[in-house]
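Subject: Handing over the structure

Dear colleague,

I am passing on to you the structure we spoke about, and I would be glad if you could look through it alongside the notes that follow.

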Amino acid sequence: MIIVPGPASEELGRKIAELLKQKIVPIEFKRFPDGESYIRFDGEVENEDVVIVQTTSPPQNENLVQLLLMADTAKELKAKTTTAVVPYFAYARQDQRFRPGEAFSVRTMVRLLQTCGVSKIFAVNSHNPAILKTLQVSIKDLSVIPLLAEYFKNKGFSGAFSLALGKKGLATAVEANSVLEGDYGFISTKRDRITGKVTIEEKALPVKGRDVVIFDDIISSGGTMIKTVAWTCKQGARTVHVACVHPLLIGDAEDKIIKSGADSIVGTDSVPSRISVVSVAPLIAEALVKRGAKR
Ligand code: R5P
């Protein structure tokens, strides 16, 4: 197996290769003055099982094009198989045609990868794993929620209340609570399809006087998390901590979440950021081992 750390996930790709003790083929990368990407494999991949590691967080269009260029080039260089590790899978939130005439974006992304020779995709806490399973390429969705919960356990928050958001809220809260072993709950969220405005279900939570860790897959504008933190504080929580898988943190989202009452905010290196303190590398390495890599 050859690991190819893409320009958007260089450090993560190297960590995965190190954990697996597998060889790296680096990518020579340049951005032309007009913004186009130049990609070159600095090593042989012929007849190899190639694993490209490239997250597709913002600038997602650039990162996606780089991923497509790497995958198609690996195919042309006669790689035996090409696997794409895409920790943050861009466009995953547009997982259906909500309004007539809309693009079914995630399906288009998967089709493009397939055309470029990708036969397997690993993603981390993708927005809707059920939809991904219906698409043409084999997609394995991994969950880093236990590792995020472990982080808080090691910080002394064993027994904290695990609160999660959205459609997968209950499952996420149960998963986190299996590590933190406090109590758990979830809050439903709703996004207006036209304005994008999020509302959260303001339901009573048994958090008075307790430490609470709020889990969500994505923090983008921070709107959803700001409302949830404020609501949790209003219910009398002792401390409120935020754990997110993909810290996109657009604009001053991090600041705004802290100002809304959060005591801390933590994310993973699925999306490199200031708060990416939990690594998804062990999770991905383990999944690749299960798929047949030799340590
Ligand atoms: C929604 O379904 C996701 O789980 C996140 O809650 C959402 O994407 C966060 O977006 P924002 O930070 O812009 O509210």
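How many Å is an oxygen atom of the ligand from an N or O atom in the side chain of S221? The distance is 2.6 Å in this model, and please keep in mind while reading that the model is a predicted one.

The ligand site

Helix pairs

Turning to the helices, I would begin with α2 (residues 60–76) and α3 (residues 105–115), whose axes are 8 Å apart and which pack at an angle of about 25°. Angles under 35 degrees count as roughly parallel, and α2 is therefore roughly parallel to α3. On the α2 side the contact is made by L64, L67, L68, D72 and K75, and on the α3 side by M109, L112, L113 and T115; sorted by class, these are 6 nonpolar, 1 polar and 2 charged residues.

Helix α1 (residues 10–20) packs with helix α9 (residues 281–290) at an angle of about 50°, and their axes are 9 Å apart, so that α1 and α9 are oblique to each other. The crossing in which α1 passes α9 is right-handed. Here L12, K15, I16, L19 and L20 of α1 meet A281, P282, I284, A285, L288 and V289 of α9, and this contact has 10 nonpolar residues and 1 charged residue, with no polar ones.

The remaining pair to mention is α5 (residues 145–157) with α6 (residues 169–180), where the packing angle is about 40° and the axes are 8 Å apart; α5 and α6 are therefore also oblique to each other, and α5 passes α6 in a right-handed crossing. From α5 the contact takes in I145, P146, A149, E150, F152, K153 and F157, and from α6 it takes in T172, E175, A176, V179 and L180, which by class gives 8 nonpolar, 1 polar and 3 charged residues.

Two backbone details

The peptide bond joining P58 and P59 is cis, with omega of about 5°, and P59 sits in the loop between β5 (49–53) and α2. N47, in turn, has a positive phi of about 65° although it is not a glycine, and N47 is found in the loop between β4 (37–41) and β5.

Technical notes:
Residues numbered from 1 in each chain as written. Predicted model: local features only at pLDDT ≥ 70, side-chain atom pairs only at ≥ 80, totals over all residues. Heavy atoms only, no water. Axes fitted to C-alpha atoms, helices over the stretch in contact; angles between N-to-C directions. Helix = DSSP H or I, 4+ residues; strand = E, 2+ residues; numbered from the N terminus. Parallel < 35°, antiparallel > 145°, perpendicular 65-115°, else oblique. Left-handed = near helix turned anticlockwise from the far one by under 90°. Contact = heavy atoms within 4.5 Å. Nonpolar A, V, L, I, M, F, W, Y, C, P; charged D, E, K, R; others polar. Polar contact = N/O pair within 3.5 Å; in protein donor to acceptor, adjacent residues only side chain to side chain.
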